[in-house]
Amino acid sequence: MMRVAVLGSTGSIGVSTLDVLGRHRDRFEVVALAAASSHARLLEQCRAHRPRVAVLTDPRAARELESGLRAAGLATEVACGADALADVAGAPDVDAVMAAIVGAAGLPSTLAAALAGKRVLLANKESLVVGGELLMDAARCGGATLIPIDSEHNAIFQCMPAGREPGRAVPGVRRVLLTASGGPFLRASRAELAHVTPEQACAHPRWKMGRKISVDSATLMNKGLELIEACLLFGMEPGKVEVVVHPQSIVHSLVEYVDGSILAQLGNPDMRTPIAHALGWPERIGSGVESLDLVAAARLDFEAPDVERFPALRLAREAAESGGTCPAVLNAANEVAVAAFLAGKLGFARIAEVVEAVLDRHDRLAVTGLEVVLEADSRARGIAESLLVGEARSRA
Ligand code: NAD
Ligand code: MG
């Protein structure tokens, strides 16, 4: 039995993870579930999976959950607060941790899982962008197995030779090709982009995802974060990671070797495939995903991304090249700007402009420890917030 903790269980990845786990009850035991505040959904998940512990970071929601569990006669313990997430991630009765919290808020629990030597199923790409080499080192020191859940990185993982050292360049790999769907605004003009609403931005043509990553996909910041993620996971120079727009989202990414061979992983766009891969690895287990009908798909198109209309991708590449605290600052500014956009307080096209303005005001530091990135993250959030306040004042 592999004992699994699902952090972010009420979200899009969390729900898909529980779907896969529920298909293999002989193989996996759900030990812990965790989320921010959605107590009703978490209670339902506790009924279905009977975990030892359930965590909510919001205290009022945790009390609601507690009374729901007692009324249902369930023995699941309730824990509350952000520290409880890291406790669960490193708990001795947990073998594998699905890191599916959204944003840098997932960093402490992902680090705890890595240090405790767990199998870390890494969906929370922001923790890698922010934590960078610190997280890779923690996985190495802790003896953790880091398996990416992001469909592109999971595809690359599958196309890389077995037995490679995590985070180290693989001899013989010439480049990595990250595919991007292009998001809902692939064909939108600059003028149209200025007026898009949160609802339009969250209506992704291929994937059903949480709101934050949906906006990131629409600005292409998601692909930028993924570029940084790929450099860290596979020891690649940013210049050797190329982004290719592939609107059908069937080829999930590709690895090119020096002999000219290109290996790709294909499949229907359904996150249960990478989740099942990472849970079962090195074996293969069913995911519930239908076979890909290549004849029905008929076409696979590829085109270059337009960094003029989608400057977030350029900003992320620059941050990857600068290194140090720049990726953490890029991520923090983006989290603040995306939240403001989703709250109707910032225009879509302004997201990348805010990120750029914050990066311009940042003096890059070398990352010598976790304090350095946390400090850079919090300063960047402060600068981004003050830019937004200034903007709101000038509009009023
Ligand atoms: P989501 O918004 O649907 O779910 C987020 C989950 O995290 C929820 O359970 C929420 O309660 C929890 N959460 C949020 N803030 C928290 C906090 N501060 N403390 C504890 N829990 C918190 O998001 P999602 O789409 O499932 O994405 C989760 C992560 O996976 C993101 O990092 C995203 O980039 C990555 N990812 C998602 C997809 C996808 O298809 N959805 C694909 C690739 C990568
Ligand atoms: Mg992805």
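Which backbone oxygen does the side chain of Ser-253 reach at 3.4 Å? The legends below begin with that residue; the model shown is predicted.

**View 1. Ser-253 in strand S10.** The side chain of Ser-253 reaches the backbone oxygen of Leu-177, at 3.4 Å. Ser-253 belongs to strand S10, which spans residues 251–257. The residue is buried, and its relative accessible area is 0%. Leaving out residues up to four places away in sequence, Ser-253 touches Glu-152, Ala-155, Ile-156, Leu-177, Leu-178, Thr-179, Leu-263, Ala-264 and Gln-265.

**View 2. Helix H7 and the elements packed against its buried residues.** Helix H7 covers residues 151–159 and is mostly covered, with 8 of its 9 residues buried. The buried residues are Ser-151, Glu-152, His-153, Asn-154, Ala-155, Ile-156, Phe-157 and Cys-159. They pack against strands S7 (145–148), S8 (173–180), S10 and S11 (262–266). Helices H11 (221–234) and H12 (272–280) are also among the elements they pack against. Glu-152, Ala-155 and Ile-156, buried in H7, are among the residues that Ser-253 touches.

**View 3. Ligand 1 in the largest pocket.** Around ligand 1 there are 23 residues, of which Thr-10, Ser-12, Ala-36, Glu-126 and Gly-210 come nearest. A polar side-chain atom of Glu-126 is 2.7 Å from an oxygen atom of the ligand. Polar backbone atoms also lie by ligand oxygen atoms: one of Gly-8 at 3.3 Å, and one of Ala-123 at 3.4 Å. Taken alone, ligand 1 exposes 830 Å², and the protein buries 85% of that. Helix H1 (12–22) and helix H6 (125–142) are the elements that give two or more residues to the shell around the ligand.

**View 4. Arg-47 in helix H2.** Helix H2 runs over residues 39–49 and includes Arg-47. Arg-47 is partly exposed, at a relative accessible area of 41%. Apart from residues up to four places away in sequence, Arg-47 touches Ala-72 and Leu-74. From Arg-47 to Leu-359 the C-alpha to C-alpha distance is 46 Å, and the two are 312 residues apart in sequence.

**View 5. Asp-93 in the loop between H4 and S5.** The loop that holds Asp-93 lies between helix H4 (82–89) and strand S5 (96–99). With neighbours within four places in sequence left aside, Asp-93 is in contact with Arg-3, Val-31 and Arg-52.

**View 6. Backbone geometry at Leu-220, Ala-298 and Pro-282.** Most residues other than glycine have a negative phi, and most peptide bonds are trans. Leu-220 has a positive phi, near 75°, and Ala-298 likewise has a positive phi, near 65°. Leu-220 lies in the loop between helix H10 (211–219) and H11, whereas Ala-298 lies in the loop between H13 and helix H14 (311–322). Leu-220 is buried, with a relative accessible area of 4%; Ala-298 is exposed, with 62%. The peptide bond from Trp-281 to Pro-282 is cis, with omega near 5°. Pro-282 is found in the loop between H12 and helix H13 (294–297).

How values were computed: Residues are numbered from 1 along each chain as its sequence is written. Chains are lettered from A and ligands numbered from 1 in the order in which they are written. This is a predicted model: local features need pLDDT of at least 70, side-chain atom pairs count only at pLDDT 80 or more; totals for chains, interfaces and linings use all residues. Side-chain values use heavy atoms; hydrogens and water are left out. Helices (H or I, at least four residues) and strands (E, at least two) are DSSP runs, numbered from the N terminus. Buried means under 20% relative accessible area, exposed over 50%, partly exposed in between (1.4 Å probe, protein chains only). A polar contact is a pair of N or O atoms within 3.5 Å; within protein, one must be able to donate a hydrogen and the other to accept it, and residues adjacent in sequence count only if both atoms are side-chain atoms. Contact means heavy atoms within 4.5 Å. A residue is near a molecule or strand if one of its heavy atoms lies within 4 Å of it. Accessible areas come from the Shrake-Rupley method with a 1.4 Å probe; for residues, only the protein chains shown count as cover. On a 1 Å grid over the protein atoms alone, a cavity is a set of points where a 1.4 Å probe fits but cannot get out, and a pocket is an open set with protein on both sides within 12 Å along at least five of seven lines; lining residues have an atom within 4 Å of a point. A molecule sits in a cavity or pocket if more than half of its atoms lie within 2 Å of its grid points.
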